[in-house]
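Hello,

Have a look at it first, and then read on for what I found.

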Amino acid sequence: MKNICALILMFSLLTISAQEIQSPSKEIKVEFSLNAEGTPVYKVMYKGEEVVKSSKMGISLKDLPALDKNFSILNEENQSVDENWEPVLGEQSSIRNHYNETTFHLLQKETGSKLDIVFKVYNEGVAFRYEFPIVDAVKYFVVSEENTEFNLTGDHKTFWIPGDFDSQEYNYNESKLSEIDNSSLDLNNGIALQSISGKHMVQSPLMMKSEDGLYVNIFEAAVVNYPVMHLKVNPENYQLKATLVPNAIGDKAYLRTPSVTPWRTIMVSDDARDIVGSKMILNLNEPNKIEDVSWIKPMKYVGIWWEMHVGKSTWDFAGSQNAQNAASSELVPSGKHGATTENTKRYIDFAAKHGFDGVLVEGWNVGWEDWFGNWKEDVFDFVTPYPDFNLKEVSDYAKSKGVKMIMHHETSGSVANYERHLDRAFNLMEDYGYPAVKTGYVGKIIPRGEFHDGQTMVNHFNYVAQRAADYKIMVNSHESVRPTGYSRTYPNYIAAEAARGNEFNAWSSGNDPKHETILPFTRLLGGPMDYTPGIFEIKMNYYDPNKTEQVHTTLAKQLALYVTMYSPLQMAADLPENYERYLDAFQFIKDVPADWQDSKYLEAEPGDYLTIARKDKNSESWFLGAITDENSRKSEIKLDFLTPGKKYKATIYADGKDADWKKNPKSYAIKSKTVTSSSNLKLELAAGGGTAISIVPID
Ligand code: NOJ
Ligand code: CA
């Protein structure tokens, strides 16, 4: 149902007095004006309170006058939109897109340049972007910086990771804006490549909370043909300033007229649930461009993966996992190679037995001997298997068991090489019937000098999704740019990592117990994350008594993550033999869907806790996930989202009485009871714990 109303065009030369745009609810207001220098400025109010103080806008160009002053407003266009659309895969089957929009057409008299600034004001926040219209003829230009400011009103509590042009795989820091300081961070955190760009640089989404309880989130949507925006914090006046990620020669973006920048977004509410449940970022992206979407499916998978991360087996054929031994002429297998035909069949059997859709195999192809750390260009060819991995045998076997294979393309950052091989690699997948690929970008980028977050790489990640769509392939990228809603436009881009995933718990200082309570307010706003939950053997000394690493949650919290960390692609990440020992708890992972009709955000506080209930896309069953940070937590949940008059069986996977993420993470208790829409459930979460519940109708 599309209802576009009130298209008003005003062709008069407007004065410089402030123009106001309100949200449909009227609770959010934006004021736009030109200051005495003719610089565009805006401010944002929520329920009458200032959220963003008067802040400048503008773009600096290379070798051309900046688009940041001497403007006049030529005219203004307004429209209101209220429509619903259906995502192919999602947290709900229908999404409402409801906003008021104003476009200001600006003219810079001296240069004749035109700039449009478009605002969309939603009930959860404000979005704006710059548009570069054609004046007389198409013009090419280079953006040297974006001068957008976000002048905040106080020293808010902030959940931040450092402004790193190559990685977002950090734990979040929780501090006041004025205390942000990258020089104080412990960088011995397991991140392979770090390119922190300055003492006060942070990444978005930046989640904040004001002293009087307002939740404010700054992010961007639809980053297409443009670099990622990082934010420079001024700790004295709480100003954030856009800083675009540069390319190898220091330029930011190569554009032409007509073109547009990504949307800059400011979400605000006095209820944290409005932020975590917002679909604003998806709404700001272009609608789906893939005509036939019948092949885009949710997928739960297992894989030859965690066994390498815990050191049980290796990616490379010789089994040394020495990334320097390519030079040695003979590679003698030591029996530790994970991706063998035989081991793959074992995973396929396990997937088939327990109803999983797919099996991922990493380390199947030649190249892992020196895959990383040498800035080498031709590492992998993405088509040549190791001698102990028989592609045909594996694919035939998977097919006979009704299981799909997930391809792995680790590029180790050599994008030039990957693009050269992309079509051959996708052809091979087509030949053997692989419907999905996991890509990886560990290490320094080639073309040399490019960063993971620059315009070149943004274009690469989007291109891979587009090209994959031509082959009906779904993409899950690791170490990529963090998503900004592009999965609406290319729904085959089903997931990405692009944040600190569960893997860090296997071999580094790991992920803070609060980590998973922050990601849904930050990284997940842009799209699904392949977090890879489901680790049951929590402590790594299970594999080697000398190991001290561990997953920083309880086992029950690992189950709850299947609900709180939305993704249509979900891995059961632990080893088959570990699941076999806890089949009662494993049942939840088998039952939980990865695609939803509806989602209810019941309790939310960034950095503290999150409780979400979701309704299966294809049945009347509900699934609930509740998680907490390092503190234990009690709460009572009303089940009033259930259909009145219906009876359900609730199976509750809770922390055991003595559970604790550090001292006793594997203690859990499973209970079941009959519930209705008038039932309340008492939840008791251990420190670092969680509860997962399946609620299935009793016919
Ligand atoms: C990092 C990825 O996040 C991980 O999932 C993968 O196993 C390794 N790279 C190797 O490609
Ligand atoms: Ca990673």
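E410 touches W368, W371, F380, F382, G440, Y441, V442 and E479, leaving aside residues up to four places away in sequence; contact here means heavy atoms within 4.5 Å. This residue belongs to strand β25. Helices (H or I, at least four residues) and strands (E, at least two) are DSSP runs, numbered from the N terminus. E410 is buried yet has no salt bridge, and the nearest side chain of opposite charge, K438, is 7.4 Å away. For the terms: buried means under 20% relative accessible area, exposed over 50%, and partly exposed in between, with a 1.4 Å probe and protein chains only. A salt bridge is a side-chain nitrogen of Lys or Arg within 4 Å of a carboxyl oxygen of Asp or Glu, and for charge, Lys and Arg count as positive and Asp and Glu as negative, while His and the chain ends are not counted.

What does the side chain of E410 reach instead? A polar atom of it lies 2.8 Å from the backbone nitrogen of S412, and the side chain also reaches the backbone nitrogen of V442 at 3.2 Å. Polar contacts are pairs of N or O atoms within 3.5 Å; within protein, one must be able to donate a hydrogen and the other to accept it, and residues adjacent in sequence count only if both atoms are side-chain atoms.

Before going further, please keep in mind that this is a predicted model, in which local features need pLDDT of at least 70 and side-chain atom pairs count only at pLDDT 80 or more, while totals for chains, interfaces and linings use all residues. Residues are numbered from 1 along each chain as its sequence is written, chains are lettered from A and ligands numbered from 1 in the order in which they are written, and side-chain values use heavy atoms, with hydrogens and water left out.

Now the sheet around E410's strand. β25 is part of an open sheet of seven strands with parallel pairing, in the order β28-β27-β26-β25-β24-β23-β29. β28 (495-496) and β29 (569-571) stand at the edges with a single partner strand each, so one side of each has no neighbour in the sheet. Two strands pair if DSSP finds at least two bridges between them. Three bridges link β24 (residues 358-361) to β25 (residues 404-410) in the parallel sense, and L360 stands opposite I406 in β25. Helix α4 (residues 341-354) packs on this sheet, touching β23 (299-304), β24 and β25, and its direction makes about 150° with that of β23. Such angles run from 0 to 180 degrees between N-to-C directions, with axes as lines fitted to C-alpha atoms, for helices over the stretch in contact.

Another helix to look at is α10 (residues 555-564): 10 of its 10 residues are buried, so it is largely enclosed by the rest of the structure.

There is also an open sheet of eight strands, with antiparallel pairing, in the order β2-β3-β4-β5-β12-β19-β18-β15. Its edge strands, β2 (19-22) and β15, each pair on one side only, and the twist averages 25° from one strand to the next. Within it, β4 (residues 40-46) and β5 (residues 49-56) run antiparallel and are joined by five bridges; the bridge partner of Y46 in β5 is E49. In the loop between β3 (28-34) and β4 sits T39, which is buried with a relative accessible area of 7%.

Further along, strand β33 (residues 633-638) runs antiparallel to β36, with six bridges between them, and R633 stands opposite L685 in β36. β36 (residues 680-685) has L681, L683 and L685 on a covered face and N680, K682 and E684 on an uncovered one.

Finally, some backbone details. Most residues other than glycine have a negative phi, and most peptide bonds are trans. Which bonds are cis here? One joins S204 and P205, with omega about 5°, and another joins T257 and P258, with omega about -10°. P205 lies in the loop between β15 (201-203) and β16 (206-209), and P258 in the loop between β20 (253-256) and β21 (259-260). Positive phi values turn up at N225, near 50°, and at A498, near 55°. N225 counts as partly exposed at 33% relative accessibility, whereas A498 counts as buried at 2%.

Best wishes
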